[in-house]
Amino acid sequence: MLGYDSFLASKAIRQHPILSFLMALAIALGIGTFMTIMTISYSIGKNPLPQKNDFLYRVQLDAGNPDRQSNDPRSRPDQLTYTDATALMRSTAAWRQTAMFGVQGVVRPVREALHPFEVSGRAVYSDFFEMFDAPFKYGGTWSTSSDENGEQVVVLSSSTNDRLFGDQNSVGEHISLNDELYRIVGVLDKWDLVPRIYDLSFSPPEETFLPFSTAVELEFRRVGSTNCWQPSPPGRDGFLASECVWIQFWAELEDSSKRDTYLSFLDSYAMEQKQFGRFQRPLNNAIHTIDEWIDYSREEDGGLTIFAIIALLFFIVCLINTVGLLLAKFLSRTRELAIHRALGASRRALFWRFLVEAGCIGFAGGLLGLAFTWLGLVGIRVLLRGQDGALHLTQLDPLLTAVTILLGIVASILTALYPAWRGSRDTPGVLLKGL
């Protein structure tokens, strides 16, 4: 029966190609707009390390402006000062921990065929790679002594190693970074951490990783936000001793039961700093699991939510237009309906036939909507071509591909309920009078 209804639906679509195309187009435009925003929202909102959600924490210390005292969680700085980050790194309260910040440098390749080029990087501690499950293709991370002594060692991304050494094992080789020689200790394998939870900004994906202390000592150019609630003293040392926040800090605990213990440690640290005239606000420190941090960051930036609401409203408008087109299409087929009813077709059979036809149009609209979604993501990539860190958020996920097509079918069937009911409710006598 479904096969016969599908045959009749395809025939009806061919008989009214322009009207059928307009309906599929209306559905596709709404789906394409809505799914473009939802694809980005999905990429930003998913947890790439669910197995570590109960052990890995983003740390916030409330060393903010005392003139804006508040217990509001939103008043806490998202980052740490250099003083606090290095003090926490000296502690043993966490099983693993890393302070970090984004950097940028210039690589001068040894091979004469390659010109110097800029690379994005991240200054981290050696625990970083195990904390975020970074896979190594060659070698591994540097030692803790390299962290302490500020040694000039580096870990390369897979793409950077390919560019410099043609995918060869480069461990033990040297590269010139900011006119200083760095020994390569490891090369990462392809690492698709989407989103990059340790830095949810649109900064470029890292091509190099080097010790935190090395980047500070050699004054690498920082990439990322810096916020100061009071003027920073002049010079590098003055900046490092200032109340400017610019460092992200993550801690990994052995198990979730130690969360309260670690938070108590942070509160104790803050109380100690109060004795030196710092941390003048009420205690308001916090640590966030990965899921909590993603939710917190998304609430901080409500722009994407606004776009999602606008896209949803546009989708609803497209569906309302589709209802009108379907109603006009079904009611224009009085002659066909009269013949079917006169031959004994029930209202239920006609109603079902209309829904099958709408489902076929919705399937076409879903496929076309998938194309519009892809075009929308391409457009966003073009707009963000100067922010390479956002490009990994504009990839169509297989699940979202299936959802897009399914959404087209479901939306078209829902919009067809009233037109199908209206088109199938008249009696054969009424329909024949209209011929």
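Is Lys52 buried or exposed, and what is its relative accessible area?

Guide: This is a predicted model, in which local features need pLDDT of at least 70 and side-chain atom pairs count only at pLDDT 80 or more, while totals for chains, interfaces and linings use all residues. Residues are numbered from 1 along each chain as its sequence is written, and side-chain values use heavy atoms, with hydrogens and water left out.

Lys52 is buried, at a relative accessible area of 10%; buried means under 20%, exposed over 50%, and partly exposed in between (1.4 Å probe, protein chains only). Its salt-bridge partner is Asp133, at 3.5 Å from N to O, where a salt bridge is a side-chain nitrogen of Lys or Arg within 4 Å of a carboxyl oxygen of Asp or Glu. Lys52 lies in the loop between helix H2 (17–45) and strand E1 (56–60), and Asp133 in the loop between helix H4 (128–131) and strand E4 (136–139), so the pair ties together parts 81 residues apart in sequence. Helices (H or I, at least four residues) and strands (E, at least two) are DSSP runs, numbered from the N terminus. Asp133 itself is partly exposed, with a relative accessible area of 35%.

A further salt bridge joins Glu252 and Arg96, whose closest N and O atoms are 3.2 Å apart. Glu252 belongs to strand E10 (residues 248–252) and Arg96 to strand E2 (residues 96–108), 156 residues apart. Both Glu252 and Arg96 are buried.

The whole structure contains 17 salt bridges.
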